[in-house]
Each structure stands twice: as structure tokens, then as C-alpha cells.
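Hi,

Here is the structure I said I'd pass on. Have a look at it first, and my notes follow below.

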Amino acid sequence: MKEYDVVIVGGGLAGLTSAIALSKEGFDVLVFEPNKYPHHKVCGEYVSNEVVPYLESLGVALDKAGAVPITDFQISAVDGRFAEAKLPLGGIGISRYALDHTLYKRALEVGVNFIFSKVSSINFQNDAFQVNTASEVYKAFIVIGAYGKRDALDKTLNRNFSFQKHAWLAVKAHYKSPDFSDNLVALHNFPGGYGGLSKTESGAVNFCYLAHYDSFKKYPNIDDFNQKIVAQNKNLDSFFKVSEPLFEKPLTIAQIAFERKEPVVNHILMCGDTAGLIHPLCGNGMAMAIHSAKLASDCIVTYLESKSKDRSKLEKDYQKRWHTTFSKRLWYGRKLQQVLLHKKWVNSGVGLAASSGKILRYIIRKTHGKPIV
Ligand SMILES: Cc1cc2nc3c(=O)[nH]c(=O)nc-3n(C[C@H](O)[C@H](O)[C@H](O)COP(=O)(O)OP(=O)(O)OC[C@H]3O[C@@H](n4cnc5c(N)ncnc54)[C@H](O)[C@@H]3O)c2cc1C
């Protein structure tokens, strides 16, 4: 049986980024991903500029993929009042269809191996891993868990959040909306949720929202929910009135968990959402996924190149770097979400932010990092 240096479970942003970084360093890398590329994914599709130089250093050219620059931010309360600010660092608009596909093509160029299959369990024994699909077993020295927000694997690893019910769901679709500004990312609140609008490389506007199940269960049909609940914010009502849906039906995901997770579980280095999910309103989850992939890859390179191969040092190093980099950001994200979903707080918060762009820029800085290379 072939033994890989690194097996990566999940070929989303965290998985593909770490695969490229490690393969470029000459290691033998295998990625498991159930879905063939390209494919759409539920996501806000605004990527913070903090990770663009790092992706470029890996040979991933997002400008060539058509990413559009985003410089302006707008937020509105349920009553439609809004505040605006220039984004301190800015970002890009690119669909997950194009972004993940661009990373996948780069991964193939640098020699990453792919198996399009779901991993069902991961065992650690005698200082090595056995990674199991429904029909095969693979061996690896290192495993990165990059399988997203939630998967059956979490139960096999006894992760607490996987045994609980979670009340958040998300809906995403692309729209033809010719009047929507190219350089804007807009965050609009509605009762029990909020949604982001921004342009993608194709010119389509992505609308992706998060809603609490208590709000959704009153109108469990998405069209009804959009009309009766989402459109209570007049900015979103206007958007629906002038826009034409481009998807046959929206994509949805449920059971989204924002609980604290651990970056190392059963010797597996967790990356991206598998290690911790920031509230989507921060627009920083993708940057965090890519950044955590860099942290894990850097630690793994040091480990694989060292003579002593001290696994416990590898795990401690990664854990420490992960917490130092992300813990505060996740805390701010949680607090911000509490404010945003509280009707009175969000109205007065947006009113305050409308009076000074400084407040908004301060909050954005607290949930974002500095550019990484
Ligand atoms: C509503 C919403 C809006 C958002 N908007 C934004 C935004 O505007 N900007 C932003 O930066 N972030 C946003 N995010 C966050 C962002 O989507 C995530 O942080 C990001 O996708 C994390 O990437 P990842 O690689 O960790 O996971 P993913 O991209 O989810 O990749 C995980 C991969 O693992 C695969 N997988 C799952 N199980 C298995 C298995 N058992 N075996 C093998 N493979 C498996 C999946 O098929 C998937 O391809 C948003 C999130 C939500 C919920």
C-alpha cells in the first residue's frame, strides 16, 4: 500500500491551498474530495485581499480568473437605514465555482493527486494514519482535516458540536442585476438573518444569506421566505424587484455550527471551517481558511524536514499559531453577530455607523487580518 506524506480530507479552499503549498515543497500529497470541479458552493463570494498575495506566491492568479475588485461596504438594518464605508483593505468578488476550480487546476500543475471520493473514517496508529473510504484504505504520515463546517467524520472523531442540533441555514443564488455596483459588498439585515450581495467574475451578483430556523420555519418555501421575510428590508425588496435569478433553484445548507472547535483532533491538523467557522457577516471565512492552510503547511514542512519528527511539537506549534492568529477574530465575529441579530441594537448600531465611517472601519479591522505572504 502506497504511503503518502500528506493526505488532505476535503478539496475546498483550505484543502486545495495546503495541497498546493505542500506539493510545491516536493511532498507527496493526496486530496480526497467527493465533488468533481467546477461546482457551486453556498458562500458569500467576497474574498478579503489579505490572502491574495499569498495565493499569488503559490501561482494562483485570481485576476486572470476574472475576480473583480471590491472597495466599498454598505450595511443596512431591517428598517432599511444604511451606513457605508470604504473597506480598509478591500477584497475581490469571485464565485466559488471559479475560485475552487482555479485552485484545483493549479494543484494539478504542481502534482497533487486527487481521489473523488468521501472519506468515511480516519484512524491513527503507530505514528501513522489510515484513511478509509467506503471501499479503500490509504496510508499517510500526516492528515489535514479540511472537510468544511460539518461532516459525518466529526461524529467518528467524537467532536462535541456534531452531536448537537444547529439552528442556522444558508441560501445562495446568482442573479442578473445590471444596476448593482461592481465594487460594492452590501450586507442587509432582515428578521432572523442577514444576507450579502456582491458581484462575481461573470458579472452575476451573488446573494447569499444566513437565516435562523425560527424565522425560516414560518415560510419554509424559499420563494415565500424571500418575499415575506427577506424583502422586509426595502433594500432587498428593491434588489428582488430588478433582478433575475440565474440558478434554476437556490443552493441551501443547514445545521451550520458556530461553536468553538479544536484545531487538532486525534493528531489530525484541522484547517478552515473544520477548525472554526467565523460568522459570515465578517466576510472573512475564506481568508481564514486559506491562512490556516498556510499555517498548517508551514508547520508540516518544518516537521517533515526535521530529523527528530516530533509529532507532539508539530501539533503544539500549529495549535498555538492557530489560536494566536484567529481566536480574537472569532470572538469579535460572535459579538458582532449578537448585535446584528438584535433588532434594537442593529438599528441604533447602523445609525451610529452612518454618522461616522470610522466606527465601521474599526469593526472591519477587528474581524480581519493583515495581508499574508
Ligand atoms: C452563508 C455564508 C456566507 C459566507 N460568505 C462568505 C464571504 O462572503 N466571504 C468569506 O470569506 N467567507 C464567507 N463564508 C465562509 C466560507 O464559505 C468558508 O469559511 C469557507 O468556504 C471555508 O473553506 P473550507 O475549505 O474550510 O471549507 P469548504 O470550502 O466547505 O470545503 C470543504 C470541502 O470538503 C469536502 N468534504 C466534506 N466532507 C468530506 C469527506 N468526508 N471526505 C472528503 N471530502 C469532504 C466538501 O465537499 C468540500 O469541498 C460564508 C459562509 C456562509 C455559511
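Which residues come nearest to the ligand? Of the 39 residues around it, those are Gly10, Gly12, Gly44, Gly272 and Gly285; a residue is near a molecule if its C-beta atom, placed from the backbone, lies within 6 Å of it.

Two things before you read on. This is a predicted model, with local features needing pLDDT of at least 70 and side-chain atom pairs counting only at pLDDT 80 or more, while totals for chains, interfaces and linings use all residues. Residues are numbered from 1 along each chain as its sequence is written.

Back to the ligand. Helix H1 (13-24), strand E3 (46-48), strand E13 (205-212) and helix H8 (285-305) each give the shell at least two residues, and H8 has the largest share with four. (Helices are DSSP runs of H or I, at least four residues, and strands are runs of E, at least two, numbered from the N terminus.) Sorted by class, the shell holds 21 nonpolar, 13 polar and five charged residues. Here Ala, Val, Leu, Ile, Met, Phe, Trp, Tyr, Cys and Pro count as nonpolar, Asp, Glu, Lys and Arg as charged, and the others, Gly among them, as polar.

H1 and H8 also meet each other. Residues of H1, including Leu13, Thr17 and Ala21, are in contact with residues of H8, among them Met286, Ala289 and Ile300; contact means C-beta atoms, placed from the backbone, within 7 Å. That contact has 10 nonpolar, four polar and one charged residues.

Next, helix H3 (residues 96-109). Its buried residues include Leu99, Leu103 and Tyr104, and the buried residues of H3 pack against H1. Buried means 20 or more other C-beta atoms within 10 Å of a residue's own, exposed means 12 or fewer, and partly exposed is in between, with C-beta atoms placed from the backbone. Just after H3, glycine 111 has a positive phi of about 95 degrees.

- Tyrosine 37 and proline 38 are joined by a cis peptide bond, with omega about -10 degrees. Proline 38 sits in the loop between strand E2 (29-32) and E3.
- Asparagine 126 is not a glycine, yet its phi is positive, near 50 degrees. You'll find asparagine 126 in the loop between strand E7 (121-125) and strand E8 (128-132), and it is exposed, with 6 other C-beta atoms within 10 Å.
- Glutamine 255 also has a positive phi, near 60 degrees. Glutamine 255 lies in strand E15 (residues 251-256) and counts as partly exposed, with 15 C-beta neighbours inside 10 Å.

Cheers

Note on methods: Contact = placed C-beta atoms within 7 Å.
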